[in-house]
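Please look over the sequence and the 3D structure shown here before reading on.

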Amino acid sequence: MPNPILPLWEYIPDGEPRVFGDRVYLYGSHDRVGADMFCDYRLKVWSASVNDLNHWKCHGDSFHTRPDQLHQADTDWTDHELYAPDVVKKGSKYYLFAYILWAKGCVGVSDHPEGPFKLVSRYQYDESTGGDEGIFNDPGVLVDDDGRVYIYYGYEKSHMGEINPENMTEILPGSYRENLIPAGDGETDFFEASSIRKVNGLYYLIYSPRKGNRLAYAVSESPRGPFVRKGTIIDNGIDYPAGNNHGSICQINGQWYVFYHRMTNGTLTSRRACVEKINILPDGTIPQVEMTSLGFEESLNPYDIVPADIACVLKGGCMITDQDYFTRMVTNIYVNSVIGYKYFDFGEDYTSRNMTFSVKVKGAGCMCSIHILLDDDQKGKEIGCCEIDRHDGVYQAPVEKVTGRHAVYLVIRHNYEGWFKECFDQRNLFDLLSFVFIK
């Protein structure tokens, strides 16, 4: 499954991946398409077999702060939006730790990892040392090897406490800690999005720093910290509309991944779940990875129809937007915009003399062209140019034969040089729906 890893109409940001049994479960917020606010009043759960990460199953709603046609509200003290949950297993039960906007958070329980989760209690804590006024912003929970349970949370300041494993809701007196990641250079200081993992005896706190389009990590030898900042895992603001970021790491069949989200619709909302392979080196560090269109795939097939909205590079003002369940596109395409995809495997077939590039667009009344470049949007080899007319349609052009693995960049130009050229410099030239290479 390429990025985004869920059906293209689904919006699950703030992903917390967890492997339970032979399935990987993705817990997160639920964004509403085209919304002007973060998140929803319900949580949803998706999962996939660890042996088949290309087919994800929706388990439906798992928790609600407002009633709908099929569910009662699970909270009676608030009906605010649900943000960034986490789920852990303790004994034979699965516990949901919910963050509710501007309200006290809570814990739910289920016999099944997909839920639905029944309310246990709001967090129980000493209000003089609880931190975060009981909201427990972006909770990340660790069940350690010795059975002790810790919760990490906070906004602009990192907090933690130890949870009573007998009830999973009570913060043990005297366990509260703050500033787990000491302040430093500002840009990499803790901001929000706590997620905790234990790897090879070390504790990894994944978080969103003040430069919030990144996912960063800090490491400690103790669950209580202090944590030492180590660097950035992924930055979704490189050649892409930045927004915020929130996610975590997960090992599936021996391979480590970072789960994160990307923006759509030219806003910070309507975020979609993505994943990249990562490596954890013997010294415990995680080299930063680039954002790609791959997801769980080793490569993309250029001979399959490629939806425009799996682009991992959007430069020059263009963005992904969602018209309806069937129609998503890259829009706001101006002169010199770049739309990029990493990576295609064109194979090693030397029998074809050349290929055809075919693209489906919604016209915007402009004459323009798509220049197809490999591997770099500035210095890469141009293998062809496809002219786009003023109207909706399918356009095609011959391109040079390509073999091997390459990034593909679509660089946009218009065909106007007259007195009013500058007017067309400011026009949306067309909307990109999909494309394919044909042998």
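**Strands and cysteines**

Ile 372 stands opposite Leu 410 in β29. This is a predicted model, in which local features need pLDDT of at least 70 and side-chain atom pairs count only at pLDDT 80 or more, while totals for chains, interfaces and linings use all residues. Residues are numbered from 1 along each chain as its sequence is written, and side-chain values use heavy atoms, with hydrogens and water left out.

**The sheet**

- Strands of a sheet pair through backbone hydrogen bonds, either parallel or antiparallel.
- Strand β26 (residues 368-374) pairs with strand β29 (residues 405-414) in the antiparallel sense over 7 bridges, where a strand is a DSSP run of E with at least two residues, numbered from the N terminus, and two strands pair if DSSP finds at least two bridges between them.
- Both belong to an open sheet of 5 strands with antiparallel pairing, in the order β21-β24-β29-β26-β27.
- The edge strands, each of which pairs on one side only, are β21 (313-315) and β27 (381-388).
- From one strand to the next, the twist averages 20°, with axes taken as lines fitted to C-alpha atoms and angles running from 0 to 180 degrees between N-to-C directions.

**The cysteines**

- With a disulfide defined as a pair of cysteine sulfur atoms within 2.5 Å, the count comes to 0 disulfides.
- The sulfur of Cys 58 is too far for a bond, because the closest cysteine sulfur, in Cys 39, is 17 Å away.
- Cys 318 is also in no disulfide, and the nearest cysteine sulfur, that of Cys 312, is 12 Å away.
- Cys 58 counts as partly exposed at 32% relative accessibility, whereas Cys 318 is buried at 3%; buried means under 20% relative accessible area, exposed over 50%, and partly exposed in between (1.4 Å probe, protein chains only).

How values were computed
Helices (H or I, at least four residues) and strands (E, at least two) are DSSP runs, numbered from the N terminus.
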